[in-house]
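Here is a short tour of one protein model, meant to be read with the structure open beside it.

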Amino acid sequence: FNIMIVKEISELLIQYSGPLNLLRIDWAAGRDMSQFRVAFDQAVALASRMGVSRLLLELDALPDISAYDQAWLATQWLPPVLKLPLQQVVIVLSPRRAYNQHVVEGLLLAARPQIGFDVQFFSQPVPGLRWLTDYSATVPELLAEWDMAFGPVAPAPSGVVEPRDHYGRT
């Protein structure tokens, strides 16, 4: 499959592009965090199975991450992520999600010595996708498929399109 919507994890909206070696993941379970760990474990297994090198992780819809889930992310989830063949990761968090941004930045700072891929923050998915794919000509096709499956991507309220803090390879 060149580009496909993956529907095997009900808490996540997922899109895969074989030619771009890309996985796009968005939280879809609203305020219900009961399956957060299971869904994120399944997402790592999916990324591993597909051998993706590019990951776009949209976390804007994710509720505030509890201290217990933060500890789980640091000790149980992040180590397998660091073993994936990732080269580039985009994390989408708008400025209104400052708490989760601080959580993610803390996890990345703690794991920085083990991170072997480039991590960038974007406030909206489309510019992040463009950066992640090196402005690939297939981006419009990816966006059209995503919109058809999940509805259109809302424009960013801030208008900020440039990457924010940089983590990973220096």
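## Fold and contacts

In the protein chain, 77% of the contacts with a separation of 6 or more are between residues 24 or more positions apart, a contact being heavy atoms within 4.5 Å. Please keep in mind that this is a predicted model, in which local features need pLDDT of at least 70 and side-chain atom pairs count only at pLDDT 80 or more, while totals for chains, interfaces and linings use all residues. Residues are numbered from 1 along each chain as its sequence is written, and side-chain values use heavy atoms, with hydrogens and water left out.

The protein chain has five helices and seven strands; helices (H or I, at least four residues) and strands (E, at least two) are DSSP runs numbered from the N terminus. Read from the N terminus, the order of elements is β-β-β-α-β-α-β-α-β-α-α-β. Of the 170 residues in the protein chain, 52% are buried. Here buried stands for under 20% relative accessible area, exposed for over 50% and partly exposed for in between, with a 1.4 Å probe and protein chains only.

## How the helices pack

Let us start with H1 and H2. Helix H1 (residues 36-50) packs against H2 at an angle of about 15°, and their axes are 11 Å apart. Axes are lines fitted to C-alpha atoms, for helices over the stretch in contact, and angles run from 0 to 180 degrees between N-to-C directions. H1 and H2 are therefore roughly parallel to each other, the cut-offs being under 35 degrees for roughly parallel, over 145 for roughly antiparallel, 65 to 115 for roughly perpendicular, and oblique for the rest. On the H1 side, Phe36, Arg37, Phe40, Asp41 and Val44 take part, meeting residues of H2 that include Tyr68, Trp72 and Trp77.

Helix H2 (residues 67-82) also meets helix H3 (residues 98-111), where the axes come within 11 Å and cross at roughly 55°. That angle makes H2 oblique to H3. Gln70, Leu73, Ala74, Leu78 and Leu82 of H2 make this contact with Tyr99, Val103, Leu107 and Ala111 of H3.

How enclosed is helix H4 (residues 125-132)? Six of its eight residues are buried, so H4 is largely enclosed by the rest of the structure. Those buried residues are Pro125, Val126, Pro127, Gly128, Leu129 and Leu132, and their cover includes S3, strand S4 (54-58), strand S5 (88-92), strand S6 (118-122) and helix H5 (139-150). After H4 comes Asp134, with a positive phi near 55°.

## Charged pairs

The structure holds five salt bridges, each a side-chain nitrogen of Lys or Arg within 4 Å of a carboxyl oxygen of Asp or Glu.

| Pair | N to O distance |
|---|---|
| Arg49 and Glu8 | 3.0 Å |
| Arg24 and Glu58 | 2.7 Å |
| Arg96 and Asp60 | 3.6 Å |

Arg24, with a relative accessible area of 1%, is buried, and Glu58 at 8% is buried as well. By contrast, Arg49 counts as exposed at 55%, while Glu8 is partly exposed at 46%. Arg96 is exposed, with a relative accessible area of 61%.

Finally, have a look at Asp26 in strand S3 (residues 22-27). Asp26 is buried yet has no salt bridge, and the nearest side chain of opposite charge, Arg24, lies 5.9 Å away. For charge, Lys and Arg count as positive and Asp and Glu as negative, with His and the chain ends not counted. Leaving aside residues up to four places away in sequence, Asp26 touches Glu11, Leu12, Leu13, Glu58, Ala61 and Trp146.
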